[in-house]
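Please look at the sequence and the structure below before reading on.

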Amino acid sequence: MRKTISFVSMITSKLCMLLLIMNAFIGNAIAQQKASVVKTPTAVLQDFMDQRFGMFIHWGPVNLRGTEIGWSRGNSVDTADYDNLYKEFDPVLFNADAWVLAAKNAGMKYLTITAKHHDGFCLWPSRFTDYDIMSSPYKKDILAELSKACAKYGIKFCVYFTILDWHDPLYPVSNIPNAGLKPTGDMRKFVDKIKGQLTEIVKGYHPYMLWFDGNWESPWTLQMGQEVYQHLKKLDPNVIVNNRLGKGTHKLMNDQTVGDYATPEQYIGEINMKDPWESCITICRQWAWKPNDQMKTLKESLQTLAGTAGGNGNLLYNVGPMADGRMEARQVKMLAEMGKWLSQYGVSVYGTRGGPYPPSKDLVATRKGSKVYLHLLKTDAKTIALPNLPTKQRLSSVRYLNGPLLAFQQDEYGINIPLTGKLPDMNDTVLVLDFVGDVTDVEIVR
Ligand code: H79
């Protein structure tokens with residue numbers, strides 16, 4: 001009996017030892033894995049967030065129909081029709097310089113082109129598929145032309161690449177209603193294919209940032225996202241990656257997201273002083289060009305930009321060029337007007353941080369050094385009333401940006417700025433509040 005007990009306890013203690021050792025091994029392996037996870041450097045992300053304003057471009061053979069890119073396949077456009085559009089995609093008026101100059105004149109600092117959208121068509125020559133620009137009558141490498149023009153004009157070149165691919169037989173899901181899973185689906189091969197395509201893109205065009213999308217369908221897993229992220233970091237440790245490479249929500253960073261920054265879509269993100277973020281918003285209603293699409297006004301556009309900067313985020317503003325390669329003149333004109341505003345007031349946007357006053361529908365704030373830039377979104381205010389900063393810093397002066405000084409009162413209850421006369425800019429008037437001492441790290445006033 002005693003023997004049995006000691007035998008059992010011996011076994012148990014051996015087992016415990018073994019478990020301890022195994023545990024140490026696993027712990028070590030996890031620690032090693034964590035240590036080998038390369039992340040984009042913080043300084044690189046800070047540089048990205050200083051840019052504040054970029055151009056999104058959605059473009060491809062679908063423009064021949066004027067319907068939404070990807071989504072109209074098998075819906076408003078018959079699948080066979082959609083999948084054959086590339087055979088007549090011949091954008092003879094495409095001029096990379098013209099697009100990049102439209103971005104530059106808008107005051108945009110980076111440009112993101114849809115290299116591959118959900119329909120699977122590739123705007124660059126890819127050795128992994130024939131469904132690319134080389135099979136179209138046009139036969140010119142769009143990514144090469146755009147990256148070259150971006151380098152020429154000092155615009156950062158970025159690439160949109162969606163994960164899901166309803167066209168590729170290796171990707172199990174199709175958007176065609178009731179099509180079921182494709183029998184040819186093979187995610188291992190598919191992941192290898194997109195890794196190969198991303199190698200082509202990173203090595204071939206050296207993008208500043210990669211904008212992933214289409215990560216929400218079930219064949220894609222968190223692990224695949226982590227694998228692709230590490231693959232990218234090996235190719236270029238500095239390439240910036242949006243947060244749509246893992247799973248989970250896009251609008252925030254969390255333990256399911258893989259990537260460097262959050263991506264609220266079609267709305268201004270919430271103020272966030274911790275994680276980098278960028279709102280992507282369309283100038284018209286559709287991502288891809290649509291005839292007579294409803295376009296946002298200059299005022300809406302400038303206030304959208306002020307809103308994102310005021311929340312400490314970037315704005316990626318989307319243009320849909322036409323099937324012949326031109327951007328719509330009215331869109332280019334409106335963008336140039338944004339650029340004109342930015343050439344006067346850009347100091348209140350580029351390189352700033354959001355806050356310390358939280359964004360509201362009436363005003364948003366940005367800041368740099370000792371200055372707070374107040375963007376007045378409402379044009380009929382008679383007085384601006386603000387609480388004091390949590391640091392109780394004294395206000396030394398108030399003026400219109402590039403304009404005259406304004407009288408103000410500050411006491412223990414707060415700050416009062418009476419507005420007299422006509423506002424200098426009816427789209428977005430900027431007041432400069434100069435405080436005594438730096439305000440960059442002041443907490444958001446709640
Ligand atoms: O590329 C742009 C969109 O095509 C892509 N992300 C941006 C950058 C995107 N794919 N899916 N979604 C966004 C979310 C899905 C929106 C939908 Fe719909 C709502 C799909 C069906 C209803 C929008 C509205 C598309 C079709 C109708």
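Ring pairs join Trp59, Tyr86, Phe89, Phe94, Trp99, Phe121, Tyr131 and Tyr138 into a cluster. Rings of Phe, Tyr and Trp (its six-membered ring) count as a pair if their centres lie within 6.5 Å; planes under 30 degrees apart are called stacked, over 60 edge-to-face, and the rest tilted. The model is predicted, so local features need pLDDT of at least 70 and side-chain atom pairs count only at pLDDT 80 or more, while totals for chains, interfaces and linings use all residues. Residues are numbered from 1 along each chain as its sequence is written, and side-chain values use heavy atoms, with hydrogens and water left out.

**Aromatic pairs**

There are 21 aromatic pairs in the structure. One of them is formed by phenylalanine 56 and tryptophan 211, which are tilted, with 5.1 Å from centre to centre and 45 degrees between the planes. This pair links distant parts of the chain: phenylalanine 56 sits in strand S1 (residues 53-57) and tryptophan 211 in strand S4 (residues 209-213), 155 residues apart. Helices (H or I, at least four residues) and strands (E, at least two) are DSSP runs, numbered from the N terminus. Phenylalanine 56 and tryptophan 211 are both buried. Buried means under 20% relative accessible area, exposed over 50%, and partly exposed in between, with a 1.4 Å probe and protein chains only.

Tyrosine 86 and tyrosine 131 form an edge-to-face pair, 5.2 Å centre to centre with 90 degrees between the planes. Tyrosine 86 lies in the loop between helix H3 (79-83) and helix H4 (96-105), and tyrosine 131 lies in the loop between strand S2 (110-116) and helix H5 (142-153), 45 residues apart. These two tyrosines are also buried.

**The ligand**

Which residues surround the ligand? They are Phe56, His58, Trp71, His117, His118, Tyr160, Trp211, Asp213, Trp216, Glu265 and Trp287. A residue is near a molecule if one of its heavy atoms lies within 4 Å of it. By class, this shell has six nonpolar, three polar and two charged residues. Ala, Val, Leu, Ile, Met, Phe, Trp, Tyr, Cys and Pro count as nonpolar, Asp, Glu, Lys and Arg as charged, and the others, Gly among them, as polar.

| Side chain | Ligand atom | Distance |
|---|---|---|
| tryptophan 71 | nitrogen | 3.3 Å |
| tyrosine 160 | oxygen | 3.4 Å |
| glutamate 265 | nitrogen | 3.2 Å |

**Cavities and a pocket**

On a 1 Å grid over the protein atoms alone, a cavity is a set of points where a 1.4 Å probe fits but cannot get out, and a pocket is an open set with protein on both sides within 12 Å along at least five of seven lines; lining residues have an atom within 4 Å of a point. Grid points are joined across faces, edges and corners, and a volume is the space filled by probe spheres set on the points.

A search of the whole structure finds two cavities of 30 Å³ or more. The largest cavity has a volume of about 60 Å³. Its lining has 14 residues, and Cys284, Gln286, Asp293, Gly320 and Gln331 lie nearest the centre. Strand S7 (314-319) and helix H9 (329-345) each supply at least two residues of this lining.

The second largest cavity holds about 40 Å³ of space. Among the residues that line this second cavity are Trp59, Lys116, His117 and Phe121.

The second largest pocket has a volume of about 240 Å³. Of its 16 lining residues, Gln46, Met49, Lys274, Asp275 and Pro276 are the closest to the centre. Helix H2 (residues 42-51) gives the largest share of that lining, five residues.

**Backbone details**

Most residues other than glycine have a negative phi, and most peptide bonds are trans. The peptide bond from glycine 355 to proline 356 is cis, with omega near 5 degrees. Proline 356 is in the loop between strand S8 (353-354) and strand S9 (363-368).

Lysine 139, in the loop between S2 and H5, has a positive phi near 55 degrees. Why does lysine 139 count as partly exposed? Because its relative accessibility is 49%.

Note on methods. A polar contact is a pair of N or O atoms within 3.5 Å; within protein, one must be able to donate a hydrogen and the other to accept it, and residues adjacent in sequence count only if both atoms are side-chain atoms.
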